[in-house]
Amino acid sequence: MANIKLAIIYYSSTGTNYQLAQWAAEGAKAAGAEVRIAKVPELAPQAAIDSNPAWKAHVEATKDVPEATLDDLAWADAYIFSVPTRFGNVPSQFKQFLDTSGPLWMEGKLTNKVVSAMASAGNAHGGHEQTVLSLYTSMLHWGAIIAAPGYIDQSAYVSGGNPYGTSVTVSQDGTMQEDVEEAVKYQAKRTVTVAEWVKKGQQQA
């Protein structure tokens, strides 16, 4: 069977979710997937970006990362989304991207895509789980198939134990507080595996 095509689409203001996306790509490639990493377009005004040195530096450092388009959604068999929490929800930048997916949704081109999500927050109870679940709500409207990591692998316990999707707490200086690298890679491998099952089933139907 042909390799699974995985789109890893993220939003990151200072780099945490970009790093999660990179780890996810490593895990997915190790599982044999063809991977695209793309960022959603930045909507914040330049003045806001310039006022935060870490934000400004990250925007410059990732200027060559391609921006996500609907073509990425149509191309992929599976998606991994990674976002910081904003008041327990997804950032407006990411929500805007999801809101443009209507034409694909109406054509049924998002149905049966396999999806998994990751998140970050500034403190341990800052909306990790709620952010992932809010993303999954949109995926249910798509008719997508959610591949959550659960507690299947030991890495979930080391990383803080979010069964809905790997999440990480980030300190004010940008340091990740939990060791999530292996959990992210496992989640990516699981997403690819579930996508393989789905694709095989579709081909045999």
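How many aromatic pairs does the structure hold? I looked this up in what is a predicted model, and I found seven aromatic pairs.

**Entry: aromatic rings**

I began with Tyr 10 and Tyr 18, whose rings form a tilted pair with 5.5 Å from centre to centre and 40° between the planes. Tyr 10 counts as buried, because its relative accessibility is 1% and the cut-off for buried is under 20%.

I then turned to Phe 94 and Phe 97, whose ring centres lie 6.4 Å apart with the planes at 65°, so I noted this pair as edge-to-face. Both of these residues belong to helix H5, which covers residues 92–99, and they are three residues apart there, or about one turn of the helix. I checked accessibility as well, and both Phe 94 and Phe 97 are buried.

**Entry: salt bridges**

I next searched for charged partners, since side chains of opposite charge can pair when their charged atoms come close. The structure holds seven salt bridges, and I wrote down some of them.

Lys 95 is partly exposed, at 36% relative accessibility.

Glu 107 and Lys 109 form a further salt bridge, with 3.0 Å between the closest N and O atoms; Glu 107 is exposed at 52%, whereas Lys 109 is partly exposed at 44%.

In helix H9 (residues 181–204), Glu 181 and Lys 185 lie four residues apart, about one turn of the helix, and the closest N and O atoms of their salt bridge are 2.8 Å apart. Glu 181 is partly exposed with a relative accessible area of 25%, while Lys 185 counts as buried at 15%. I also noted that a network of salt bridges links Glu 181 and Lys 185 with Glu 26.

**Entry: Thr 169**

Is Thr 169 buried or exposed? I found it buried, with a relative accessible area of 9%, and placed in strand E6, residues 167–169. The side chain of Thr 169 makes a polar contact with the side chain of His 128, at 3.4 Å. Leaving aside neighbours within four places in sequence, I listed the residues in contact with Thr 169, among them Ala 121, Asn 123, His 128, Met 176 and Glu 178.

Notes:
Residues numbered from 1 in each chain as written. Predicted model: local features only at pLDDT ≥ 70, side-chain atom pairs only at ≥ 80, totals over all residues. Heavy atoms only, no water. Phe/Tyr/Trp six-rings, centres within 6.5 Å; stacked < 30°, edge-to-face > 60°. Buried < 20%, exposed > 50% of the residue type's maximum accessible area, 1.4 Å probe, protein only. Helix = DSSP H or I, 4+ residues; strand = E, 2+ residues; numbered from the N terminus. Polar contact = N/O pair within 3.5 Å; in protein donor to acceptor, adjacent residues only side chain to side chain. Contact = heavy atoms within 4.5 Å. Salt bridge = Lys/Arg side-chain N within 4 Å of Asp/Glu carboxyl O.
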